[in-house]
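Okay, thanks for coming, everyone.

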Amino acid sequence: MAESAHIKNPLSIIGIFAGLVEVIGIGTLPLLHVDIQSVYIWFLMFFPTLLVGAFFYTLIYHPKSLYAPGDFQHDASWLATHFPPATANQIEQKMRFEIAAERQIAAESSVEILETPPVAAVNATLPPLRAEASGGLSLREPDNGTAFLEQVEGEVIKLIEQERGLEFKRNLHHDGNPPMVIDGMAAKGDQVVMIEVRFSASGTLPLDTIRKYLDRANIVYGVLTEMRKEKFEFIMAIAYQRPDTLPSMKTTASLARFEKEASRYPFKSTLRRINVDQLSIYPAESSL
């Protein structure tokens, strides 16, 4: 026996709701008292107009709300609809936030990785993190600092692509609460993989930062179909700077802390630590 059809997207619900209201309205009109029939007729006239207006407003400003995730036959169209490319300004803001956050981590942990002493106030003129002369940038301009982070993210994602056989779309925007820029996402069939890359000269991240990234992954998880939820995976990639930055004992503790937090979420999470010096990252112009 063929599988019966069922309601599976908002468009079907809207159509059924509008039809039922009109049919029920017309059917009950003769049963109403004459004094209120005129008011009821006005409602039957203006309700469809209001419904059509709300429909076109949604169609223009929130078109993805009209479709269920299962309506998308191609992975690329699903990604493009729910996670469009972020603007240059959004990407720049994300990079500067990460630079400021790393400065704060360095100040709290007394790790000297900055060109200048950390300051309490964080603003757009913060100098970038220092990268070792052996493989990274040591440029003082903030734009060069964000360029370094972009290079790190790009090379780390390329490495994961080669390992997993996936193609990640980079710097995607999700207009959720709060809105966010996702470093990379890949969709292949029902499999969805989200990756966040964070540069950390100390080789580890504070617990609240780990929770923040897991919460971001949980927001993405919430918009997936049940089939995609089963195969969803979050990769937290930490790009660190020197092979001797983090002793093995501390590395194990960092992994255990991540796994403990990740166990609270309903999806698979993986922590990767990648040495920046092993990536193909070179300064565009030397100012060492």
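Start with F267: its relative accessibility is 6%, so F267 counts as buried (buried is under 20% relative accessible area, exposed over 50%, partly exposed in between, with a 1.4 Å probe and protein chains only). Before I go on, a quick note: this is a predicted model, where local features need pLDDT of at least 70, side-chain atom pairs count only at pLDDT 80 or more, and totals for chains, interfaces and linings use all residues. Residues are numbered from 1 along each chain as its sequence is written, and side-chain values use heavy atoms, with hydrogens and water left out.

So, which rings does F267 pair with? Rings of Phe, Tyr and Trp (its six-membered ring) pair if their centres lie within 6.5 Å; planes under 30 degrees apart are stacked, over 60 edge-to-face, and the rest tilted. By that rule we get eight aromatic pairs. One of them is Y221 with F267: the centres are 5.5 Å apart and the planes sit at 40 degrees, so this pair is tilted. Y221 is in helix α6 (residues 207-222), while F267 is in the loop between α8 (248-262) and β5 (268-275), so the pair ties together parts 46 residues apart in sequence. Those helices (H or I, at least four residues) and strands (E, at least two) are DSSP runs, numbered from the N terminus. Y221 is buried too.

Then there's F232 with F267, an edge-to-face pair with 5.3 Å centre to centre and 80 degrees between the planes. F232 belongs to strand β4 (residues 232-240), so here the tied parts are 35 residues apart in sequence. F232 is also buried, at 2% relative accessible area.

Strands of a sheet pair through backbone hydrogen bonds, either parallel or antiparallel. Here five strands make an open sheet, in the order β1-β2-β3-β4-β5, with mixed pairing; two strands pair if DSSP finds at least two bridges between them. β1 (169-174) and β5 are at the edges with a single partner strand each, so one side of each has no neighbour in the sheet. Further in, β2 (residues 180-188) and β3 (residues 191-199) pair in the antiparallel sense over five bridges. If you want a spot to look at, G184 stands opposite I195 in β3.
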